[in-house]
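Biologist: Could you take me through one part of this model up close, namely the charged side chains and how they pair up? Plain words, please.

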Amino acid sequence: MAEVAFKQVQKSFGAVQVLKQIDLTVKDGEFLVLVGPSGCGKSTLLRALAGLEGVTQGRILIDGRVVNDLPPKDRDIAMVFQNYALYPHMSVLENLTFALKLRDLKPDEIAARANQAATILGLQDLLGRYPRHLSGGQRQRVAMGRAIVRDPKVFLFDEPLSNLDAKLRVQMRAEIKALHQRLRATTVYVTHDQIEAMTMADRIVVLNGGVIEQIGAPLELYDDPDNLFVASFIGSPSMNFFKGKYELQSDGARVRIGDFSLQVPVVNARDGQDVTVGVRPEHLLVADAGGLPFNVDVVEPTGASTELFGTVAGQRCCVIVNGRLPLKPAQNVRLAAELDNTLIFDTDTSRRLR
């Protein structure tokens, strides 16, 4: 295990700057997830750490040692790829042991490491099979096993679950998280799926346009985003946003949304300032009277809850209600928001107002 540090790292491809002044430390034994939309720089940052891409400026350190000029094989890392990258002509056992044989380890040590990885990942009955005889989840476990046997200082995962179906992704998320809890190895994991990030990470780094927007624990980013981008990216369904004007009144503060107003927390904003109100779907409540008029377009019962999609003052809105509501499309209801879970953002700068 080891600490990983990026010091003022920049990366450009010609005139296009992909990474802009990245300063980031991954703690020893931490499971850190890099998340963001396509093109945000997360895979480039991971590949730079692996030694598959050089950096234009800055330093990358593993366990206190600058590795900018070291080839991948000398960085003591192991990487699990999206496409598994298994040798098709080798059995599972041969895939697990190939890199160890290149390092001239003793046969007894190679066998011990392969047996340990196979036991951890439940591969004992698959050692004689070839990749073409394995399911997607089994191939991913072999790819993980090939990383484990190397006993590296840092594990790198590059969107390893993207090729799996929904049910298998859920299973593999749990397996990877359990594996990390067992090994406590420093892990950097890249994904565009914020549900993966929320369920697996110790900390999440949200990237956008080559810039770190925010770093924090999953629930910290969910409950306390710094800006509109983080608020909209973290959470599924995403946060609702309503544009309006902030009004200070004798009994507190409200935001005028169309012809209606919503009570909001008092924040550091000017009276009459253009703001954006953010409320997560589960923090909107169907009210008997008052509140915002909600025009229901779609009702999606999921069993444990009901998801409602529609509009508020012409702006898209989603509401999640526990249980089952006998609502139909084209019905109109009123919505109230949980005051403590209502967030205010500056519409012009996108920054959170507190």
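Modeller: A search of the whole structure finds 13 salt bridges, a salt bridge being a side-chain nitrogen of Lys or Arg within 4 Å of a carboxyl oxygen of Asp or Glu. Keep in mind that this is a predicted model, where local features need pLDDT of at least 70, side-chain atom pairs count only at pLDDT 80 or more, and totals for chains, interfaces and linings use all residues. Residues are numbered from 1 along each chain as its sequence is written, and side-chain values use heavy atoms, with hydrogens and water left out.

Let's begin with Arg 203 and Glu 30, whose side chains meet in a salt bridge at 2.5 Å, N to O. This pair links distant parts of the chain, 173 residues apart: Arg 203 is in strand β9 and Glu 30 in the loop between β2 and β3 (strands are DSSP runs of E, at least two residues, and helices are runs of H or I, at least four, numbered from the N terminus). Both Arg 203 and Glu 30 are buried, where buried means under 20% relative accessible area, exposed over 50%, and partly exposed in between, with a 1.4 Å probe and protein chains only.

Now look at Asp 74 and Lys 73, which form a salt bridge with their closest N and O atoms 3.3 Å apart. Here Lys 73 is exposed at 64% relative accessible area, while Asp 74 is partly exposed at 34%.

Arg 256 and Glu 247 also meet in a salt bridge, at 3.8 Å from N to O. Arg 256 is partly exposed, at 34%, and Glu 247 is partly exposed too, at 21%.

Finally, salt bridges link Asp 224, Asp 226, Arg 352 and Arg 354 in a network.
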